[in-house]
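Let us take a walk through this protein together. Have the viewer ready, and we will go from backbone details to the overall layout.

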Amino acid sequence: MSELLDDLITIRDWLRWGASRFHEAKLFFGHGCDNAHDEAAWLILHALHLPPDRPDQIAPYLDARLTRHERLAVLELLQQRIARRLPAAYLTHEAWQAGLRFYVDERVLIPRSYFADLLVEGFAPWVEDPDAIEHALDLCTGSGCLAILMAHAFPHAQIDAADISADALEVARRNVADYDLQERVRLVESDLFAGLGKRKYDLIVSNPPYVTAQAMRELPAEYRHEPEGALAAGEDGLDIVRRILAEAKKYLKPHGLLAVEVGHNRDIMTAAFPQLPLTWLDTTSGEGKVFLLRREDL
Ligand SMILES: C[S@@+](CC[C@H](N)C(=O)[O-])C[C@H]1O[C@@H](n2cnc3c(N)ncnc32)[C@H](O)[C@@H]1O
């Protein structure tokens, strides 16, 4: 170890070493970065107290020499990523979506929803006037990331954010407070709609658990640190989606919209609900991962 600290001097040295070790250990990258270089950059920037909202921010510092103390901090973080197979976001306790920082720990799924792009654009063209949205719901809110993005996208809306996990809601509470949105985002412990009361919504957005039983069995080690209840959704991954579809109509205003993320399950979904006129949305991060319905279609 002391040899390493003597041999690796610059950030470029540590970035190369980290990427090599990550490849060697066959880590999986699916929580914010999709390759070893970016994940190592993210952790190095964090260890050095340089804001890591984009891994390419490391470029100006590549030839900077590190103090021994800094080298130790970098080494420790890179080694933990390998030894514990923890996604970087759980080591740094932060995840970035649409340029916003969210606190995360193992009580919540690491934010990576396809909804982020759609919400940044005010859910256009499906929502014609973001100013006209009065009530919106983030069902299965986890860290609260989508509720917070909705609060930004729809400046006059009251947002309800529901989750069955009290632990997840603690994390969401912290994020909502970080954005000073306590007056506009109501956090509700609720089994889907059960605890929400009589309110009706212009828009319901949900990124529910949707991993099939087979995919759960094959998950890389990194995903096993995430709450099982945030991922697993029965044999065909649609257990929660079925319940949402059965109940959503009651909670939508006339012409209200329901948008649900189902990831890779588009074919399973269309086979299971041939009668539904699903509109599949494209985002910059993926095509056909989110479907949209109007109240009148349900
Ligand atoms: C895939 S995570 C999504 C979290 C967050 N919306 C995001 O995009 O990062 C699914 C969330 O649904 C919650 N959940 C699972 N079953 C639920 C249920 N029956 N009612 C409400 N929330 C549920 C889990 O606790 C988890 O936080």
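Arg85 is partly exposed, because 16 other C-beta atoms lie within 10 Å of its own. Keep in mind that this is a predicted model. You will find Arg85 in the loop between α4 (68-84) and α5 (88-92). Its phi is near 55°, a positive value in a residue other than glycine.

One more backbone feature deserves a stop. Between Ala124 and Pro125 the peptide bond is cis, and omega is near 0°. Pro125 belongs to the loop that links α6 (115-120) with β3 (135-139). For background, most residues other than glycine have a negative phi, and most peptide bonds are trans.

Now zoom out to the domains. The chain divides into domain 1, residues 2-86, and domain 2, residues 94-297. Taken over C-alpha atoms, their centres are 32 Å apart. Where the two domains meet, seven residues of domain 1 are in contact with ten residues of domain 2. On the domain 1 side, the touching residues comprise two nonpolar, three polar and two charged.

What does the largest nonpolar core contain? It has 85 residues, and those with the most contacts inside it are Ile44, Leu119, Ala136, Met150, Leu203 and Ile204. Domain 1 and domain 2 each contribute at least three residues to this core.

Our last stop is the ligand. Which residues come nearest to the ligand? Of the 24 residues around it, they are Ser113, Cys140, Gly142, Ile164 and Ala230. Both α7 (145-153) and β4 (158-163) supply at least two residues each to the shell. By type, the shell around the ligand has 14 nonpolar residues, eight polar ones and two charged ones.

Terms used
Residues numbered from 1 in each chain as written. Predicted model: local features only at pLDDT ≥ 70, side-chain atom pairs only at ≥ 80, totals over all residues. Domains from an automatic or database assignment. Nonpolar A, V, L, I, M, F, W, Y, C, P; charged D, E, K, R; others polar. Near = placed C-beta within 6 Å. Helix = DSSP H or I, 4+ residues; strand = E, 2+ residues; numbered from the N terminus. Core = buried A, V, L, I, M, F, W, Y, C linked by C-beta atoms within 7 Å. Buried ≥ 20, exposed ≤ 12 C-beta atoms within 10 Å, placed from the backbone.
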